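Biologist: Thanks for sitting down with me. Could you walk me through this model, one question at a time?

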Amino acid sequence: MRALVRETKLSAEDLIQPLFVHAGDPEAVASMPGVRRHSLGSLVEECRKCAAAGLRAVAVFPRIEADKKDAAGTHAAAPENILFAAVRAVKEALPELLVITDVALDPYTDHGHDGLLTADGMDVDNDPTLAALGALAVAEAAAGADIVAPSDMMDGRVRTIRAALDAAGFEKTLILSYAVKYASAFYGPFRAAVGSAGDAVGGKNATQPLDKGGYQMDPANMREALLELQLDEDEGADVVMVKPAGPYIDVIRAVREATLLPVAAYQVSGEYAQIHAAAQLGWLDYERTRDESLLAIKRAGADMILTYFAREVAEKIR
Ligand code: PBG
């Protein structure tokens, strides 16, 4: 009877698995139980399992070695960027599985910011960053990415990326825009996973986590979310995303009601780590908390959810 009247259902088709890749053997990410930095080989194997579980898409993030990083993130568009090899390998093995790639410079910059910095190093330099983002998006599409996902929060990047993709013949490549991305403390475990916490420039000893408040949104703001949404819609986004998800379900609901575009939500690394940590302490029931956290995001209005739980939940639904 409850199933008959249930309003919200999770399905494997709604879930997107984020995955990490690096040049080297697979290794565990300490802050994210069950998550690994994959080798090219283990990434393809993991993607096979994702596809078999009914997932339609994965999002691949590279961890770049410190000696390849610089202030300008020049390795982003270098042909030997491991991300491109990863995308090619996954698309060759599993052509039907959609591959999403991030468009932002943080894996490639030694300071860990998503863009180039101004001369005094105090701010990201919005406009000069746009060309680098366009070049990265085109290189990702050329490697076979089906969907590029600008997560950098520079103003005007969706328009720049759309124009760059079209000019290079990638009219069919979708843009999933991180339209509403908050400057959140919940990204901590992800930054450890990809090494983008700015360690290379002393971030390891910093008492504060890397502050991206100059370009990511103030957690206090809702109206601004609708403004960011409008800008990205006007610039040509195909799907708009809210991130993080759980602490911002009111924003997901508001975005859902304000747009006709598909809405994505990103249940980020800190949301995942929280549930794991409490479960390890015996304070929360792991499976029920995990499933409830995803159901709440779906109920709030997300059409698709990026979550580190994607494959295991999809397997359970099956
Ligand atoms: C990079 C990026 C971040 C995440 C996705 N893309 C981190 C950041 O903005 O610092 C976070 C994902 C997560 O925490 O799971 N632009």
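Biologist: Happy to see it on screen. Let's begin with Glu 46: is this residue buried or exposed?

Modeller: Keep in mind that this is a predicted model. Glu 46 sits in helix H2, which runs over residues 40-52. Its relative accessibility is 9%, and the cut-off for a buried residue is under 20%, so Glu 46 counts as buried.

Biologist: Which residues is Glu 46 in contact with, leaving aside its neighbours within four places in sequence?

Modeller: The place to look from is helix H2, where Glu 46 is found. Once neighbours within four places in sequence are set aside, the contacts of Glu 46 are Leu 19, His 38 and Arg 311.

Biologist: On to helix H7. How far apart are its end C-alpha atoms?

Modeller: Helix H7 covers residues 223-235, which is 13 residues. At 1.5 Å a residue, these should span 18 Å.

Biologist: How wide an arc do the buried residues of H7 cover around the axis?

Modeller: The buried residues of H7 are Ala 225, Glu 228, Leu 229, Asp 232 and Glu 235. They lie on the same side of H7, because the arc they cover around the axis is only 135 degrees.

Biologist: What do the buried residues of H7 pack against?

Modeller: The packing can be read from both sides. Helix H8 has its own buried residues, Val 251, Ile 252, Ala 254, Val 255 and Arg 256, and these pack against elements including H7 and E8. Seen from H7, the buried residues pack against helix H5 (157-167), strand E7 (174-181), strand E8 (239-243) and helix H8 (249-258).

Biologist: Nice. Which peptide bond is cis, with omega near -10 degrees?

Modeller: Most peptide bonds are trans. To find this one, go to the loop between E8 and H8, where Pro 244 has its place. The cis bond runs from Lys 243 to Pro 244.

Biologist: What is the phi of Met 153?

Modeller: Most residues other than glycine have a negative phi. Met 153 is in the loop between strand E6 (147-150) and H5, and its relative accessibility of 4% means that Met 153 counts as buried. Although Met 153 is not a glycine, its phi is positive, about 65 degrees.

Biologist: Is Thr 173 buried or exposed?

Modeller: Thr 173 lies in the loop between H5 and E7. Beyond its neighbours within four places in sequence, Thr 173 is in contact with residues including Ala 141, Ile 147, Arg 162 and Asp 238. Its relative accessibility is 7%, so Thr 173 counts as buried.

How values were computed: Residues numbered from 1 in each chain as written. Predicted model: local features only at pLDDT ≥ 70, side-chain atom pairs only at ≥ 80, totals over all residues. Heavy atoms only, no water. Helix = DSSP H or I, 4+ residues; strand = E, 2+ residues; numbered from the N terminus. Expected span 1.5 Å × (residues − 1). Buried < 20%, exposed > 50% of the residue type's maximum accessible area, 1.4 Å probe, protein only. Arc of directions from axis to C-beta. Contact = heavy atoms within 4.5 Å.
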